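Try each task before you read its solution.

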Amino acid sequence: MTAALERPAATGAGGNPLERRYRRLLLCYPRRYRAEHGGEIIATLLDTAEPGRALPPLREARALVSGGLRARIVAAASDRPAWLDGLHLGVTALCAVQLATLAPYTASVPIWTGLSALALLLVIRGRVRLALPVVALVATKVFAITLGRPWLDPTLLPVDAPPVWHAGALYGGGGPVAPMAGYGLTVLGLLVLAAHRHRLGRRSWLWLPVVPLLAGADPAGLDFGRGGDVLDVVRTALELGLLLFAARAGHVARDPRWAVAAGVHLVPVCVVYAENLGVHSEPDIAHLAALLLATALAAAAPYRARRHPAL
């Protein structure tokens with residue numbers, strides 16, 4: 001009787017520390033799932049909790065986080081056509097990389113960095129028709145910079161970053177083909193999305209923190225062209241992590257949308273390596289091999305899941 005009285009009870013408002021922490025863990029689940037099952041889950045967890053406990057057991061916390069991410073993956077694969085949503089996700093990734101590339105040079109090209117940020121926000125919100133002309137305008141300016149011409153406004157060339165970034169001139173690590181391949185693919189993807197009548201969903205705001213993590217990357221050159229700079233290592237780790245997540249998500253949901261996004265991301269990377277033939281270092285080759293392998297895993301995962309339903 002005493003033990004039962006000491007057990008925390010669900011208040012519906014998170015009135016005790018254990019309940020509040022369980023509710024924070026439940027944020028991993030989609031909102032609809034929490035509305036339908038959250039109260040029942042919280043009540044069960046509190047009913048089985050040890051008397052006086054203030055922190056969820058590590059095993060339960062891990063299970064809630066894992067189950068929540070799985071529920072979000074399955075929910076994401078159920079509301080829009082796979083190829084369409086995958087293309088939207090891939091274009092979002094390209095826009096994030098393009099903004100990250102311009103970010104260190106904001107003082108020199110503030111208008112174009114601002115337009116690139118606007119394009120990313122519009123794509124995240126699913127407003128692809130509005131994003132299309134913005135991306136096309138930025139692409140025109142980028143092409144001018146890679147050719148060394150101050151089109152559209154009197155930009156001082158070359159465009160250099162402040163010393164704190166330890167970066168070279170904007171798009172100075174290679175030729176114009178690789179940057180324009182990325183922008184060309186973005187414009188083409190937006191055209192396809194804009195032409196389709198199916199309503200696009202909104203992408204996660206978590207794409208915004210990706211931008212500072214990628215800031216300083218040069219899509220005109222190789223990732224390890226500066227000898228394995230910390231920013232290059234961070235970018236590579238983030239890249240591989242997202243691709244491996246795409247493979248896991250495709251396996252869980254039995255859906256190829258994440259593989260489509262991974263393929264969209266891989267195309268400009270391959271163009272970079274093609275444009276820099278003959279100057280690849282061993283880390284560059286290892287990086288490309290890892291990206292190809294991770295993308296292949298993402299492409300195969302949904303179909304492997306269909307043959308082997310048990311995870």
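**Exercise 1. Find which residues lie nearest the centre of the largest pocket, and which helix gives the most to its lining.**

Solution. This is a predicted model.
Step 1: Start at the centre. R72, A76, R202, R203 and S204 lie nearest to it, out of 42 lining residues.
Step 2: List the elements that give two or more residues to this lining. They are α3, α4 (58-76), α5 (82-102), α9 (207-214), α10 (230-253) and α11 (257-275).
Step 3: Pick the top contributor. α10 gives the most, with 7 residues.
Step 4: Sort the lining by class. It has 22 nonpolar, 7 polar and 13 charged residues.
Step 5: Note the volume of this pocket, about 1700 Å³.

**Exercise 2. Describe the second largest pocket by its volume and its lining.**

Solution. 
Step 1: The space in this pocket is about 270 Å³.
Step 2: Its lining has 13 residues, and G126, R127, R129, R199 and L200 lie nearest the centre.
Step 3: Helix α7 (residues 128-147) supplies the largest share, 3 residues.
Step 4: By class, the lining splits into 4 nonpolar, 3 polar and 6 charged residues.

**Exercise 3. Decide how helices α2 and α3 are oriented to each other.**

Solution. 
Step 1: Take α2 (residues 17-25) and α3 (residues 31-47). Their axes come within 10 Å and cross at roughly 135°.
Step 2: Angles over 145 degrees count as roughly antiparallel, and 65 to 115 as roughly perpendicular. The two helices are therefore oblique to each other.
Step 3: α2 passes α3 in a right-handed crossing.
Step 4: Name the contacts. L18, E19, Y22 and R23 of α2 meet I42, L45 and L46 of α3. This contact has 5 nonpolar, no polar and 2 charged residues.

Notes:
Residues numbered from 1 in each chain as written. Predicted model: local features only at pLDDT ≥ 70, side-chain atom pairs only at ≥ 80, totals over all residues. Heavy atoms only, no water. Axes fitted to C-alpha atoms, helices over the stretch in contact; angles between N-to-C directions. Helix = DSSP H or I, 4+ residues; strand = E, 2+ residues; numbered from the N terminus. Parallel < 35°, antiparallel > 145°, perpendicular 65-115°, else oblique. Left-handed = near helix turned anticlockwise from the far one by under 90°. Contact = heavy atoms within 4.5 Å. Nonpolar A, V, L, I, M, F, W, Y, C, P; charged D, E, K, R; others polar. 1 Å grid on protein atoms, 1.4 Å probe; cavity = no way out; pocket = protein on both sides within 12 Å on 5 of 7 lines; lining within 4 Å. Points joined across faces, edges and corners; volume = space filled by probe spheres on them.
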